[in-house]
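Hi there,

Here is the structure I promised to pass along.

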Amino acid sequence: MEDTYNHRTSLVKGAKGMVKEAKRHATKKVNKVVDRATDEYSSHQNYKRFQDDEDEDEDFYRGSQAQDGQSYNENEGGSSDATEGHDDEDEIYEGEYQGIPSAGDSKQKKSQVALGQPVSDATRDRSDLEQERQADEEELAQQYELIIQECGHGRFQWQLFLVLGLALMSDGVEVFVVGFVLPSAETDMCVPDSSSGWLGSIVYLGMMFGAFFWGGMSDKLGRRQILLICMSTNGFFAFLSSFVQGYGLFLLCRLVAGFGIGGAVPIVFSFFAEVLSREKRGEHLSWLCMFWMIGEIYASAMAWAIIPHYGWSFSMGSAYQFHSWRVFVVVCALPCVGAVVALTFMPESPRFYLEVGKHDEAWMILKQIHDTNMRARGQPEKVFSVNRIKTPRQLDELVEMDSESRNPVSKLYFRLKAEIHGIYLNLKKCFNYPMQENMMRLAVVWFTLSFGYYGLSVWFPDVIKHLQADEYASKVKIHNNERIESFTFNFTLENQIHKNGLFINDQFINMKLKSVTFVDSTFRNCYFDDVTSVGSYFRNCTFIDAYFYNTDIDDSKLIDGTEVINSTFTHNKIGCQMTFDDDYSAYWVYFINFLGTLAVLPGNIVSALLMDKIGRLSMLGGSMILSGISCFFLWFGTSESMMIFMLCLYNGLSISAWNSLDVVTTESFPTVRRGTGFGFCNALCKLAAVLGNLIFGSLVGITKAIPILMASSVLVGGGLVGLRLPDTRANVLM
C-alpha cells in the first residue's frame, strides 16, 4: 500500500510539474509577443510586470508543498482557478484563457500581516483604499492600451461605428425636428401666441436632464444597457407624439423623448473611445461626429420633402387630424428604432466591465474583438495571447437599504434616490483636484460654443423669414372705398388690404384668403361657402344678414371690434386650418436649412483628417475664434443671399470646434467618471441652447447689433479658454 501511495504521489507531482512547466513556457511566449508590441508602439510598459503576480503565485505554491501530508492531500483533490476544467494530462495552449487568479495577488500581499492573515478592508482607511484603486486604474490603463493594440482596428470597430452612428444621428434629428415642426404644430393645434415657443425650449430642457442622468447611469450600469434604455424611451415617445392631438400631451411626449435622447452623446463617445487605441481615437471619434451632421441633413431633407405637402394628411372624423408634419415626426424616429435594433447585437464595453471587476466578461469581449478583426484580415489562426487582465480594487458603496415590507413603488423610489446620489458623488469627484481647473474650463467652452451656435441657429432662419416677410409686405395692394355688389369671388385673394369697403349681395365660394386684411368694411347679405383664410383678418368690420358655411372664419379672425348682426355660422371648420400651398416661404426656408447642413460636410472631413496632426486644442480654439470673427460680417447681411452665404460659412467653421470638443471631453475623464463628466458638459450645452433660443429669438426684427456682438464675444472668449485646456492626445483611457 505504501508503494502504491508513493507511486501515486510521484505521478501527481510529475503531472503538476508538467503543468507548471507548460504554463511557464506559455508565459514566456506571451511576454515575447507583448514586448514586441510594446517596442512597436514606443511604449515603456509591457505585460511582464503584470505577470509578476503569477511568479509569486508559484513561489507561494512551492512553499505550501513543505506543509504536512494532510494539507497536501486536501489540496490534491482540488483544482486552482488557473487550471479549472482541465485534466492533469491536458495541454495548455498559448493564449488559452486561464481564469482569474485567486491567490497571491500582489495587492493582497501588501495587506497581509506577519501571521499571514489578510487585513479586512473594513479596518483600513478609505483614502488608502482609494489610492490603491487609483494605482490599479493607472496600471490597467497601460495594460488595456496594449491589449487594444493587439486586438487591432478593423471590422468590429467599424460595426460599432455604424451602430453608434445611428444613435448619434438620432440626437441630431431630435435637435432639428423641433424647429421644423414648430410652426406647423402650433398652427395645427391652435396654440395662442402666449404659449408659442414652449415646444422648442421644453425639448432642450428634457435633453439637459437626460444628458446628466443617463450619462451618470452609464458609469454605474454600463454603456450598452443604458444607451438601449434611453434610445428606446426616445423612440417610443417620439412615435407617440405624432398621434396625440392636444398641445399639452404633445409637449409632454417631446419632453420625455428629449429626456431619452439626451444620454446619446455622452454614452456614444464614451463607448466608442473605449474600443479605440490611442493613435486611432482622434481621427475615428471625428468621423463618428459626422453622423450628427448626417442626422441634421436627414431632418432637413425630410422636412423639405414632407411637411409642405399638405395633401399627404388625412382625417378620421372631425376630431382627429393627421397632417404632413406628423408624418415627418414618424419618419424622424426611424434612425432611433434602427439604433435600438442594432444595439441588441453588440456587446458591452470591455473597459467598463474591467472597471467594475467583471474580468471574465471583459476577457470574452476582448477576445471577440480580436478574433473578429483577425478573421477580417485573413488571419484566423492568430491567437489572442492575453490570459489575465488587471482589475482595479472594488470599493463597497454605502447604499440605503429599503425594508422588504415596502411596496415596489417605494423600493423603486429608494433605488432611484440612491442612484442619483451616487451620480452626484461621482460628479463631485470631477470637480476635485487635479481635475477641478480643467473641468471649469471645459464647462466654459461647452457653454459658450453652445450659446453662440444654437442662438444663431434660431436667429438665422428667423432673420431670413423676416426679410422675406418685409419683401412680401412691400408688394401689398391696398384698395380704398370700394363698393362691390352681386359679385361672386371664386379665386384667391392674396396680400391685399381693403379699407372702408362695402360688399352687398356678394358670394365668396370655394376660395382662399391669403394674407388679406379687411379694415372698417361692411358685408351685407353676403354668402361665404368653403372659405379658407390664411393670415387674414377682419378688423372693425360689420356683418349684416351674412351666412357662413364650411369656413374657418371665427372669433380669432373677427378682431378689433368687429360686429356680427343677424348672421349664421353653419358647419364651421374645426381647428386651425393650415396649408403649405399658401405659405410663400415654406419651401424656401427648408431649402435654406438644407444648404446650411450641407456646408458642414467639408468642415467635418477636414477636422477628421487633421485632428491628430494639428492637435485637438489648436482646432478647437481656432475654429471658435474664426466662427466668432465670421459673425461680424453679418452686419453687412442686408439680403437673403448674403445671409444664406453667412449661414453656410458659419456652419462650416464651427463644426471643427464641435468635433474637437467631443474628443477632448472624452479623453479628459477616467473611465469610472467619463459618462458623468461628459453628461454634465452636455447638460450645460442644452441649458445654453435654451438661453440662446430665448435671447436671440426675442431680438429678431428688433436689432442686429446685440445678437452679432453677443455671439462674437462668447465664441472668441470660449475659444481662448479652449486653448488653455490640457492636451489629451497622449492620454491613455484610465
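Below is what I found, from the whole chain down to single residues.

Please keep in mind that this is a predicted model. The protein chain contains 23 helices and 16 strands. Of its 734 residues, 50% are buried. If you take the contacts between residues at least 6 apart in sequence, 69% of them join residues at least 24 apart.

**A pair of helices**

On the α10 side, the residues that make the contact are Val-268, Phe-269, Phe-272 and Ala-273. They meet Arg-281, His-284, Leu-285, Leu-288 and Cys-289 from α11. By type, the residues of this contact comprise 7 nonpolar, 1 polar and 1 charged.

**A tryptophan in α11**

Helix α11 also holds Trp-292. Is Trp-292 buried or exposed? Its relative accessible area is 14%, and the cut-off for buried is under 20%, so Trp-292 is buried. Leaving aside residues up to four places away in sequence, Trp-292 touches Leu-168, Asp-171, Gly-172, Val-175, Phe-176, Tyr-453 and Tyr-454. Gly-172 deserves a look on your screen: Gly-172 and Trp-292 are 120 residues apart along the chain, yet 4.8 Å separates their C-alpha atoms.

Helix α16 (residues 408-430) has 23 residues and spans 33 Å from its first C-alpha to its last, close to the expected 33 Å. Its buried residues are Ser-410, Phe-414, Glu-419, Gly-422, Ile-423, Asn-426, Leu-427 and Cys-430.

Helix α20 (residues 616-632) has 17 residues and reaches 25 Å between its first and last C-alpha atoms, close to the 24 Å expected. The buried residues of α20 include Arg-616, Met-619, Gly-621, Ser-627 and Cys-631.

**Cysteines**

How many disulfides does the model have? The count is 0, with a disulfide taken as two cysteine sulfur atoms within 2.5 Å. Cys-230 is buried, because its relative accessibility is 0%. Cys-526 is buried as well, with a relative accessible area of 2%.

**Two backbone angles to check**

Most residues other than glycine have a negative phi. Asn-500 has a positive phi, near 55 degrees. You will find Asn-500 in the loop between β6 (493-499) and β7 (502-504), where its relative accessibility of 42% makes it partly exposed.

Where is Ser-515 found? Ser-515 is in strand β8 (residues 507-519). Although not a glycine, Ser-515 has a positive phi of about 55 degrees. Ser-515 counts as partly exposed, since its relative accessibility is 25%.

Conventions
Residues numbered from 1 in each chain as written. Predicted model: local features only at pLDDT ≥ 70, side-chain atom pairs only at ≥ 80, totals over all residues. Heavy atoms only, no water. Contact = heavy atoms within 4.5 Å. Helix = DSSP H or I, 4+ residues; strand = E, 2+ residues; numbered from the N terminus. Nonpolar A, V, L, I, M, F, W, Y, C, P; charged D, E, K, R; others polar. Expected span 1.5 Å × (residues − 1). Buried < 20%, exposed > 50% of the residue type's maximum accessible area, 1.4 Å probe, protein only.
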